[in-house]
Structure formats: structure tokens, C-alpha cells
Amino acid sequence: MSPQNEVEIEFVTRDICAKHEPGTHHPENAQRLHVIYQWLKDQNIPLTTNYTVATKDIITAIHTEQLFNAVKSSQTEPAMFTLDTASNTHTYAAALAAVGASVYGMEQSTPKKTIVGLVRPPGHHATRTRAMG
């Protein structure tokens, strides 16, 4: 690839993302992040961890306040939102970090720079009113 066509890739994450655990029954787990972190370290590729986590206002622009509060309450009382969507005491903080990484990616991406968020919980099945795994 010629230098004029090269694209910079920046990887963003927070340690808290690896602490969300949906339970041993769920195929999505922190091991995937640990493997990627190790590979990046072996390649001397840095991780960006200095970005702003999401605020309630950002999250409730997409999800209901009731859903936001349900996930927030999992800090002290882990919950089963659906048969395959569980939280632990780290899920809320991990979700704030994951959404913050997504916002950072939208703000910092350019035609010459791609942002990759290494985050959990993934949240890609969630609806406006329901957490889904």
C-alpha cells in the first residue's frame, strides 16, 4: 500500500471492559479481550485508554431512562435481563466505558484514521427499552 493510501488504526479500551462477566453459560467472555491485548502488546501497538466515558445523557438519547437505571442498579444487585443477558457489579462501569469508546471512535475517525473499540459488554443486540445479549 502506498503511503497516500495508508490508514492509521487506533485501538481504544478501558480495563473495566474485561471485568463485565455475563456468566459461565455465555459464549461472550473477557478472554477475547485478553488475547487481543496480548497480541497488540507483542506487536508493540499501544492501546488508547484516555477517553471520556459516556454520560447518562448520551446513553438515554438512545435507551430509556428505565433501562439505564436497571443497568446502573446492577452495580449492587447483578441482574438477569433476559435468559442470555446477565450483569455483574462491573457491567454498568463497563457499559459506560464501551459507549464512551464508541463516541470517541465517531469523533476521532477520519478517512485516514480508523478507531477500533475493544469493549464489552457489546450491547449490539440491545433495543431502546431492553438489554439483550
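Q: Before we go on, what kind of model is it?
A: This is a predicted model, where local features need pLDDT of at least 70, side-chain atom pairs count only at pLDDT 80 or more, and totals for chains, interfaces and linings use all residues. Residues are numbered from 1 along each chain as its sequence is written, and side-chain values use heavy atoms, with hydrogens and water left out.

Q: OK, back to S87. Buried or exposed?
A: S87 is buried, with a relative accessible area of 7%. Buried means under 20%, exposed over 50% and partly exposed in between, using a 1.4 Å probe and protein chains only.

Q: What does the side chain of S87 reach?
A: The backbone nitrogen of A79, at 2.7 Å.

Q: And which residues does S87 touch?
A: Leaving out residues up to four places away in sequence, S87 touches E21, S74, P78, A79 and F81. Contact here means heavy atoms within 4.5 Å.

Q: Zooming out, how many helices and strands are in the chain?
A: Four helices and five strands. From the N terminus on, the order is β-α-β-α-α-β-β-α-β. Of the 133 residues in the chain, 36% are buried. Among contacts between residues at least 6 apart in sequence, 73% join residues at least 24 apart.

Q: How many aromatic pairs turn up in the whole structure?
A: Two. Y51 and Y104 form a tilted one, 6.1 Å centre to centre with 40° between the planes. That pair links distant parts of the chain, as Y51 is in the loop between β2 and α2 and Y104 is in helix α4, 53 residues apart. Y51 and Y104 are both buried.

Q: What about F68 and Y92?
A: Their ring centres are 5.7 Å apart and the planes sit at 80°, so this pair is edge-to-face. F68 lies in helix α3 and Y92 in helix α4, so the pair ties together parts that are 24 residues apart in sequence. Both residues are buried. For the cut-offs, rings of Phe, Tyr and Trp (its six-membered ring) pair if their centres lie within 6.5 Å; planes under 30 degrees apart count as stacked, over 60 as edge-to-face and the rest as tilted.

Q: New topic: which residues lie nearest the centre of the largest pocket?
A: H63, A95, P121, G123 and A126, out of 34 lining residues. A pocket is an open set of points on a 1 Å grid over the protein atoms alone where a 1.4 Å probe fits, with protein on both sides within 12 Å along at least five of seven lines; lining residues have an atom within 4 Å of a point.

Q: Which element gives the largest share of that lining?
A: α4, with eight residues.

Q: Where does P121 lie?
A: In the segment after β5 (113-117). A cis peptide bond joins R120 and P121, with omega about 0°. Most peptide bonds are trans.

Q: What's the phi of N44?
A: Near 60°, a positive value in a residue other than glycine. N44 is found in the loop between α1 (31-42) and β2 (47-48). At 70% relative accessibility, N44 counts as exposed.

Key
Helices (H or I, at least four residues) and strands (E, at least two) are DSSP runs, numbered from the N terminus. A polar contact is a pair of N or O atoms within 3.5 Å; within protein, one must be able to donate a hydrogen and the other to accept it, and residues adjacent in sequence count only if both atoms are side-chain atoms.
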